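Colleague: Could you take a close look at one part of this model for me? I would like to hear about the salt bridges, and what joins what.

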Amino acid sequence: MSESLKKKINDMFNHHKIGTLATIKGNRPYSRFMIFFNENLTLYTATNQHTHKTEDIKENPHVHILLGMENVSWNEPYAEIEAEASIEESQELKNKFWDDKLSEWIKSPDDPEYLLLKLSPTAIRYYEKAGSEAEVWSE
């Protein structure tokens with residue numbers, strides 16, 4: 001991947017925190033809105049260990065993420081991300097990515113039911129704005 005594309009994707013990931021995460025449940029896609037955290041193109045999202053998405057990921061770790069275009073303008077960058085999901089229980093990472101917005105679902109960074117989903121991209125299609133041609137990064 002070119003360094004300029006990597007920088008654009010990292011900047012977009014750092015600026016846009018809310019997107020959709022799609023898993024496969026019974027051979028059908030299931031999407032939900034999530035808060036995402038970026039660490040050098042690897043995305044993390046918080047969840048409760050008893051959610052359907054964790055069950056889905058244990059059955060099939062392939063996920064799809066849409067991130068960007070949170071405002072009303074069609075002239076913002078966005079990305080379509082294919083990734084492989086895994087469960088991350090590192091307390092250090094849970095502390096690092098804790099956000100008070102999560103307290104509606106998770107009590108605290110020390111909540112024993114709190115875990116992170118680590119989303120390792122296999123392909124990223126980055127769009128500068130709606131209607132633009134994708135710049136593609138793949139593993």
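Modeller: Happy to, and let me start with Lys-25 and Asp-56, whose side chains form a salt bridge with an N to O distance of 3.8 Å. Lys-25 belongs to strand 1 (residues 18-25) and Asp-56 to helix 2 (residues 52-59), so this pair ties together parts that are 31 residues apart in sequence. Please keep in mind that this is a predicted model. The distance of 3.8 Å falls inside the cut-off, which asks for a side-chain nitrogen of Lys or Arg within 4 Å of a carboxyl oxygen of Asp or Glu. As for cover, Lys-25 has 37% relative accessibility and counts as partly exposed, whereas Asp-56, at 3%, counts as buried. The cut-off for buried is under 20% relative accessible area.

In general terms, side chains of opposite charge can pair when their charged atoms come close. By the rule used here, the count comes to eight salt bridges, so let me walk you through some others.

Glu-39 pairs with Lys-96, and their closest N and O atoms are 2.2 Å apart.

Next come Glu-80 and Arg-125, whose side chains meet in a salt bridge at 3.2 Å, N to O. Arg-125 counts as partly exposed, with 21% relative accessibility.

There is also a network of salt bridges, which links Lys-8, Glu-128 and Glu-135.

To put these pairs in their setting, the protein chain has three helices and seven strands, in the order α-β-β-β-α-β-β-α-β-β along the sequence. Its radius of gyration is 15 Å, close to the 14 Å that the globule rule gives for 139 residues, so the protein chain is as compact as a globular protein of that length. Among contacts between residues at least 6 apart in sequence, 62% join residues at least 24 apart. Finally, on charge as a whole, the protein chain carries 16 positive and 24 negative charges, and their mean positions are 2 Å apart.

Definitions and conventions
Residues are numbered from 1 along each chain as its sequence is written. This is a predicted model: local features need pLDDT of at least 70, side-chain atom pairs count only at pLDDT 80 or more; totals for chains, interfaces and linings use all residues. Side-chain values use heavy atoms; hydrogens and water are left out. Helices (H or I, at least four residues) and strands (E, at least two) are DSSP runs, numbered from the N terminus. The radius of gyration is taken over C-alpha atoms; the globule rule is 2.2 Å times the number of residues to the power 0.38. Contact means heavy atoms within 4.5 Å. Lys and Arg count as positive and Asp and Glu as negative; His and the chain ends are not counted. The place of a charge is taken as NZ of Lys, CZ of Arg, CG of Asp or CD of Glu. Buried means under 20% relative accessible area, exposed over 50%, partly exposed in between (1.4 Å probe, protein chains only).
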